[in-house]
Amino acid sequence: QVQLVESGGGLVQAGGSLRLSCAVSGIIFRINAMGWYRQAPGKQRELVAGITSRGSTNYANSVKGRFTISRDNAKNTVYLQMNSLKPEDTAVYYCNLGPDPGSLAKYDYWGQGTQVTVSS
């Protein structure tokens, strides 16, 4: 079955950095889009960053210039490099896999989430 396994979360001070990883198995990774979402307590889950199968990226305005999403198709892994972290970045971060935008295919897979806590 399809599995997405996140790692790299933790506790960091404001201004620090973390790199999240999401390893994918059970599906052809390179033809799919990947995304990182986050959900803070009492808030809705929101898209942080996305990357298409061809490497096009998009970011939430709140993280532009601080976060970078990338993918390694040889390792079936997507990354989220988070720099200049702020307390408001504190959330559970989830990895998502789905078809590229505009595709007629409909499927959606999620990881279990990894906690990121930024202290002030």
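This is a predicted model: local features need pLDDT of at least 70, side-chain atom pairs count only at pLDDT 80 or more; totals for chains, interfaces and linings use all residues.

**A buried arginine and its partners**

Arg-38 is buried, with a relative accessible area of 6%. Asp-89 lies in the loop between strand 8 and strand 9 whereas Arg-38 belongs to strand 4, so the pair that these two residues make ties together parts that are 51 residues apart in sequence. That pair is a salt bridge, in which the closest N and O atoms of Asp-89 and Arg-38 are 2.9 Å apart. Asp-89 likewise counts as buried, because its relative accessibility is 1%, and the cut-off for that class is under 20%.

Arg-38 also forms a salt bridge with Glu-46, for which the closest N and O atoms are 2.7 Å apart. Glu-46, however, is partly exposed, its relative accessible area being 35%.

Asp-89, for its part, has a salt bridge with Arg-66, where the closest N and O atoms are 2.7 Å apart. Here too distant parts of the chain are linked, since Arg-66 sits in the loop between strand 6 (57–59) and strand 7 while Asp-89 sits in the loop between strand 8 and strand 9, 23 residues away. With a relative accessibility of 10%, Arg-66 counts as buried. The structure holds three salt bridges, and Arg-38, Glu-46, Arg-66 and Asp-89 are linked through such contacts in a network.

From the charged residues we can turn to the pairing of strands. Strand 1 (residues 3–7) and strand 3 run antiparallel and are joined by five bridges, and within this pairing Leu-4 has Val-24 of strand 3 as its bridge partner. Strand 3 also pairs with strand 8, again in the antiparallel sense, over six bridges; for Leu-20, the bridge partner in strand 8 is Leu-80.

Which residues touch the most other members of the largest nonpolar core? In this core of 27 residues, they are Met-34, Trp-36, Val-78, Leu-80, Met-82 and Tyr-93. The elements that give two or more residues to the core are strand 3 (18–25), strand 4 (33–39), strand 5 (46–51), strand 7 (67–72), strand 8 (77–82), strand 9 (91–98) and strand 11 (114–119). In soluble globular proteins, nonpolar side chains tend to be buried together.

Methods. Residues are numbered from 1 along each chain as its sequence is written. Side-chain values use heavy atoms; hydrogens and water are left out. A nonpolar core is a set of buried Ala, Val, Leu, Ile, Met, Phe, Trp, Tyr and Cys residues joined through side-chain atoms within 4.5 Å. Buried means under 20% relative accessible area, exposed over 50%, partly exposed in between (1.4 Å probe, protein chains only). Helices (H or I, at least four residues) and strands (E, at least two) are DSSP runs, numbered from the N terminus. A salt bridge is a side-chain nitrogen of Lys or Arg within 4 Å of a carboxyl oxygen of Asp or Glu. Two strands pair if DSSP finds at least two bridges between them.
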